[in-house]
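Visitor: I would like to go through this model with you. Could we begin with how its elements are defined?

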Amino acid sequence: MSRLAVRRWTVGTIAIVVSVVVFLVPFAFILVTAAKTAPEASTLSFSWPAEWKLWDNIAAVLADRDGILIRAFVNSIVLTVASVVIMVVLAAMVGYVLQRKKSRWNGIINFFVLAGLIVPPAVVPTIWVLQGLGLFKTLGGLILIEATFGLSFCILLFRAFVSTIPRELDEAALIDGAGPIRLFFQIVLPLLKPVIVTVIVVQAVAVFNDFANPLYFLPGDANATVQLTLYAYASSSTSAGQLNLLFADILLITIPPLVMYVFFNRQIVAGMTSGAIKG
Amino acid sequence: MAQTFANVVPPQVRNRRRGAPPATRAGRKMRSMYPSWFYIPAAALYVVLFAVPTFASFYFSLTRWSLFDVHFIGLDNFVQFFSDPQLSQAFLHTLVYAVITSGLKVVLGLALAVLLTSSLIGRGYLRAVTFFPVLVSTIGVGLTFKVLLDPFDGVVNGALSVFGIQGPGWLTDPNLALISVALVDVWKGLGIATLIYIAGIVAIPQEYFEAARVDGASAWKVFRNITFPLSWPATGTVVILSLIGGLRSFDLIWAMTKGGPGFSSDVIASVIYKQYQAGFYGLSTAGNVVLFVVVTAVMIPISIFINKRSVDS
């Protein structure tokens with residue numbers, strides 16, 4: 001074996017061992033604790049469960065408080081799908097016109113986009129506005145909030161990607177008699193697919209996993225999201241010594257983002273590298 | 001642009017409507033292809049749910065406020081914020097937290113990305129496994145590590161005791177709590193930093209590395225003179241994103257310590273929530289304004305510096 005190959009193997013092996021300890025052990029801990037009985041889980045030890053109770057625990061979590069977790073799942077999925085759809089369509093429209101049309105407003109618009117990315121939202125005044133609109137404590141209100149707070153990031157990605165689409169295409173479509181709306185929705189939007197996939201996956205994971213916004217803008221059990229129920233569950237199950245159920249809950253709500261990642265893994269990296277992340 | 005368009009369009013199209021000079025007409029049509037009303041739906045959301053609350057926060061931070069009742073009290077909220085040691089400490093904690101997390105994300109993310117773009121066994125596995133924590137919700141990560149870091153029965157201190165080390169009370173020691181949470185934040189966010197750095201390193205033309213190899217440069221020299229300077233835009237992105245995230249961090253701190261023990265891991269964002277919960281809406285909004293000022297004051301010089309460097313290189 002050459003020196004290079006030896007180094008490849010030693011460095012690789014060390015990296016794998018370190019990654020197992022640092023990254024896989026916490027995940028394995030979630031899984032084995034979720035499969036234990038309550039007394040066994042309460043010892044907090046990292047050990048193989050004496051009895052494999054994973055399905056019982058998941059069933060118990062789902063049945064807790066009249067299936068509040070199932071309702072929370074439905075809420076979270078509606079929230080995620082609706083807000084991501086709004087974000088993608090509106091941000092693509094802005095990113096496209098912002099890149100294509102040179103006008104004296106561009107500087108100001110770019111400034112507001114960046115401000116939206118950097119400035120922390122003012123919480124209580126936002127509640128005050130939502131209350132004025134009659135949207136406080138409604139799922140619809142939270143959908144609009146998530147969409148608004150995600151817009152800036154999406155616009156930046158779309159603007160960068162639109163610059164890779166040749167303008168000649170727009171001109172050709174125009175000659176063929178397409179109006180601006182058809183041009184955008186039928187020609188440009190399909191071409192944005194790589195970055196749309198990236199935006200959908202990144203934002204869907206972010207919205208589904210979001211805790212602070214539902215906490216502020218959608219309090220109450222009636223329409224809780226999965227992160228809120230997990231948080232509420234943490235205090236009730238820790239006091240009741242049911243860590244196994246808590247971890248079954250964590251495991252359960254990690255599945256949707258994980259599935260998304262497994263399906264779109266390649267596209268995320270492709271979308272990021274194809275000009276989406278550049279300064 | 002109007003010029004090119006006039007050249008592309010065949011004469012019969014150009015002359016369809018007589019009288020209008022072709023270039024102007026084409027120019028006008030090109031402009032209207034990108035309708036300004038495409039801005040309107042996004043702008044409406046932005047103005048109503050983001051800009052208005054932000055501007056309103058400057059006024060409400062000067063009031064005693066119950067959502068229904070507004071009572072103007074001037075700068076009292078800010079005076080209280082900075083004179084109350086429990087509140088003003090949060091200010092310092094926020095900066096410490098942001099610096100620790102973004103510093104470590106830059107160093108470790110770059111190191112990992114260099115490792116993961118070199119030829120290495122198990123590269124695909126390593127890329128996937130560093131990204132996994134990104135997918136778990138912050139609350140889930142926080143609750144998991146709260147159990148792992150338990151001072152008596154936790155797995156981390158259990159592992160340390162095998163080596164004869166008495167592990168500290170990671171989350172119960174006031175001197176350590178903030179740093180422990182910051183380390184968990186790094187664990188969770190490292191995957192994103194690494195991904196951005198991988199994208200940056202992959203974009204560097206291979207010729208540079210080949211030339212360096214021909215010249216017999218050492219691995220360290222290649223890193224020092226090629227990889228690091230040419231992945232500067234990626235560094236900028238990582239620093240900016242992790243600083244914004246670090247300064248605004250709330251979920252993880254709330255899930256792991258709730259700002260405790262005492263107020264030793266309170267940050268501005270958790271103070272905002274505590275004051276909101278207690279019904280002090282004016283004081284909570286003042287916290288928001290403080291956070292706004294901190295974020296702006298930190299981000300503007302840093303983004304100017306990063307942009308200048310990337311133009312130079």
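Guide: Helices (H or I, at least four residues) and strands (E, at least two) are DSSP runs, numbered from the N terminus. This is a predicted model, in which local features need pLDDT of at least 70, side-chain atom pairs count only at pLDDT 80 or more, and totals for chains, interfaces and linings use all residues. Residues are numbered from 1 along each chain as its sequence is written.

Visitor: Where does UniProt place the transmembrane regions of chain B?

Guide: The unreviewed entry places them at residues 37-60, 95-116, 128-149, 186-205, 226-247 and 289-307 of chain B. UniProt positions are given in the numbering used here, feature names are shortened, and annotations may be inferred rather than shown by experiment.

Visitor: What is the helix content of residues 37-60 of chain B?

Guide: That span is 88% helix and 0% strand, with its end C-alpha atoms 32 Å apart. Residues 186-205 of chain B are 85% helix and 0% strand, and there the end C-alpha atoms are 30 Å apart.

Visitor: Where is the kink in H4(B) centred?

Guide: On B:Val47, with a kink of about 40°; the bend at a residue is the angle between axes fitted to the seven residues ending there and the seven starting there. Helix H4 of chain B covers residues 40-60 and reaches 28 Å from its first C-alpha to its last, close to the 30 Å expected at 1.5 Å a residue (1.5 Å times one less than the number of residues). Buried residues (under 20% relative accessible area, 1.4 Å probe, protein chains only) in H4(B) include B:Tyr46, B:Phe50 and B:Pro53.

Visitor: And how many residues of H10(B) are buried?

Guide: 22 of the 26 residues of H10(B) are buried. H10(B) also has a kink of about 50°, centred on B:Gly189.

Visitor: Changing topic, how many cavities of 30 Å³ or more are there?

Guide: Four. A cavity is a set of points on a 1 Å grid over the protein atoms alone where a 1.4 Å probe fits but cannot get out, and lining residues have an atom within 4 Å of a point. The second largest cavity has a volume of about 60 Å³, the volume being the space filled by probe spheres set on the points.

Visitor: Which helix supplies the largest share of that lining?

Guide: H3(A), with five residues. Helix H11 (226-239) of chain A supplies at least two. Among the lining residues are A:Asp64, A:Arg65 and A:Asp249.

Conventions
Chains are lettered from A and ligands numbered from 1 in the order in which they are written. Side-chain values use heavy atoms; hydrogens and water are left out. On a 1 Å grid over the protein atoms alone, a cavity is a set of points where a 1.4 Å probe fits but cannot get out, and a pocket is an open set with protein on both sides within 12 Å along at least five of seven lines; lining residues have an atom within 4 Å of a point. Buried means under 20% relative accessible area, exposed over 50%, partly exposed in between (1.4 Å probe, protein chains only).
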